[in-house]
Amino acid sequence: MKARTATAVLLPALLSVTVGCGSTSTPASGKGPDPKGSASAPGQAGASGAAGASGSAGTGGAGETGATAAAGGTTGPRRGAGRLERAALEQGDLSGYQISANGKNPNAPDGQPQADRKACQPLADIMGDKPDPAARETVNRGIGSQKQLGLAVSASVSSYAESDAKALIARLKDAVAACAGGFTATVEKQTGTYRDVKAADYKTGGDESVSWTTTAAAAGVTAQVHLVVVRQGDTVMRLMALNVTGGRQTPQVPHEVADKQLQKVRAAR
């Protein structure tokens, strides 16, 4: 429980993970899910993805309880939902995964982390509420694996002007190369250190993509993270994976998750 709680509370710039100590996804603080929802437009803080540990009954989508989701219930986009809501993953899209649309840890701060090095700001931004400030709208999801103990993935889709989406991928590639030695990022006076930034070989579709790994640390808690960012036209999908149990196994974004997310982005166009 200590490792899970610390990861959720002390590394909010990395990933907002809602995990409890028992078989439900009740936040460790005892507070309820964040009421702000999962989408954010420019100037508005959105709820970052949240995921329960393996086998937990995570919070489902709007109007669905965790128990219903755990039983295999499917929550589709609301009637009349916009393109990003239709592109976002929903409970039932992926067998063996719990998908939450509204469950940001209430102790996690909102906003975009600020890096101590300008060259690394794109890497700090990608771990905030939006992939970067140029995003017009972002819809977040949290995914908990029921196959790999403790694997949690934060997934989001964001809309851009296509030129801004292309520029984001280019900036991220440059930042990964420039920040191998690490950097620190602060959001709402909470600071995390990210070291050993390394480009990762990760095959995915889309028009272009970038992937890397890093080791995050705060208040004595360390977590390895794998990130994948894919551009499809004017849409950017962001996936971040970590082990919320505090294990040493290096996490990886499951290819079936990345492939399904890309499939939905393409279908929603």
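**Cores, a ring pair and a helix**

Visitor: Which residues have the most contacts inside the largest nonpolar core?
Guide: In this predicted model, they are Leu123, Ile126, Leu172, Phe183, Trp212, Leu227 and Val229, in a core of 27 residues.

Visitor: Which element gives the most to this core?
Guide: Helix H5 (162-178), with 6 residues. Others that give two or more include helix H4 (121-125) and strand S8 (208-218).

Visitor: And what does Leu172 touch?
Guide: Leaving out residues up to four places away in sequence, Leu172 touches Pro122, Leu123, Ile126, Val210, Trp212 and Val229.

Visitor: What is in the second core?
Guide: That core is separate and has 25 residues, among them Leu94, Tyr97, Ala258 and Val265.

Visitor: New topic. How many aromatic pairs does the structure hold?
Guide: The structure holds 1. The rings of Phe183 and Tyr194 have centres 5.2 Å apart and planes at 25°. Stacked means planes under 30 degrees apart, so this pair counts as stacked.

Visitor: Are Phe183 and Tyr194 buried or exposed?
Guide: Phe183 is buried at 4% relative accessible area, and Tyr194 is buried at 1%.

Visitor: Back to helices. Which residues of H6 are buried?
Guide: Val257, Ala258, Gln261, Leu262, Lys264 and Val265. They lie on the same side of H6, because they cover an arc of only 160° around the axis.

Visitor: What covers them?
Guide: The cover includes helix H3 (83-87), strand S2 (97-100) and strand S4 (137-145). Strands S5, S9 and S10 are also among the covering elements.

Notes:
Residues numbered from 1 in each chain as written. Predicted model: local features only at pLDDT ≥ 70, side-chain atom pairs only at ≥ 80, totals over all residues. Heavy atoms only, no water. Buried < 20%, exposed > 50% of the residue type's maximum accessible area, 1.4 Å probe, protein only. Helix = DSSP H or I, 4+ residues; strand = E, 2+ residues; numbered from the N terminus. Arc of directions from axis to C-beta. Contact = heavy atoms within 4.5 Å. Core = buried A, V, L, I, M, F, W, Y, C linked by side-chain atoms within 4.5 Å. Phe/Tyr/Trp six-rings, centres within 6.5 Å; stacked < 30°, edge-to-face > 60°.
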